Amino acid sequence: IELELSVGRAWRAKEILSGNIKAGLVAPEILERYGVLLESLGDRLEAGKYLYLSGARRPEYEYPIQLFLQRHTKLDGPALVSRLPQAIRRIPFNQLPPAVQADLDSRGVRHSAFGAAPRGRVPYQRTWTDTLLMAGALVVMLFFFASVAVGGWKVTEWVWSLFD
């Protein structure tokens, strides 16, 4: 991150941090670093979200955090949780920073809203009706292509007969 910032590629540093967060690396230090980077890029609302989630409560973070919270004051607990990154919602409530836990408790957020495992894909089990439908579709397609070929041949014969 520091290397990218030192060569003037803040956009790349932002990509790296956001990718780490999406991958589930939600350590408070990473969230705080991402929030600071967003603040330096002028994205105060998003910076406030990540600074809030980091649990760090420094005086220079107060304005972006308050901006984020004020923007979402009318939301109830589940609606507020839905605004948080999915990687944060996957971790158990008791693993959130204490400052975040206390604030979410005061807002009436249920602890069960956190810690849900990511939804995996359910493998599709093909049934005999699926196989039958696919076989029927294949027969129809073969008939269509055969009809096009035979029809094309007959049209070609007719055109040649005009020149005889």
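## About the model

The structure is a predicted model, in which local features need pLDDT of at least 70 and side-chain atom pairs count only at pLDDT 80 or more, while totals for chains, interfaces and linings use all residues. Residues are numbered from 1 along each chain as its sequence is written, and side-chain values use heavy atoms, with hydrogens and water left out.

## Overall fold

Let's start with the whole chain. The protein has nine helices and zero strands, where helices (H or I, at least four residues) and strands (E, at least two) are DSSP runs numbered from the N terminus.

The radius of gyration, taken over C-alpha atoms, is 29 Å for the protein, while a compact globule of 164 residues would come near 15 Å (the globule rule is 2.2 Å times the number of residues to the power 0.38). Along the principal axes, the C-alpha trace spans about 95 × 45 × 30 Å.

## Surface and contacts

Among contacts (heavy atoms within 4.5 Å) with a separation of 6 or more, 45% come from residues 24 or more positions apart.

## Helices α2 and α3

Helix α2 (residues 10-22) packs with helix α3 (residues 28-40) at an angle of about 150°, and their axes are 10 Å apart. Here the axes are lines fitted to C-alpha atoms over the stretch in contact, and angles run from 0 to 180 degrees between N-to-C directions.

On the α2 side, the contact is made by Ala10, Ala13, Lys14, Leu17, Ser18 and Ile21; α3 brings Ile30, Leu31, Arg33, Tyr34, Leu37 and Leu38. These residues divide into nine nonpolar, one polar and two charged (Ala, Val, Leu, Ile, Met, Phe, Trp, Tyr, Cys and Pro count as nonpolar, Asp, Glu, Lys and Arg as charged, and the others as polar).

## Two residues to look at

Glutamate 32 sits in helix α3 and counts as buried because its relative accessible area is 16%. Leaving aside neighbours within four places in sequence, glutamate 32 is in contact with Tyr50, Leu51, Ser54, Ala56, Arg58 and Tyr61.

Tyrosine 63 belongs to helix α5 (residues 62-71). With a relative accessible area of 49%, tyrosine 63 is partly exposed. The C-alpha atoms of tyrosine 63 and arginine 44 are separated by 8.4 Å, and the two residues are 19 residues apart along the chain.

Methods. Buried < 20%, exposed > 50% of the residue type's maximum accessible area, 1.4 Å probe, protein only.
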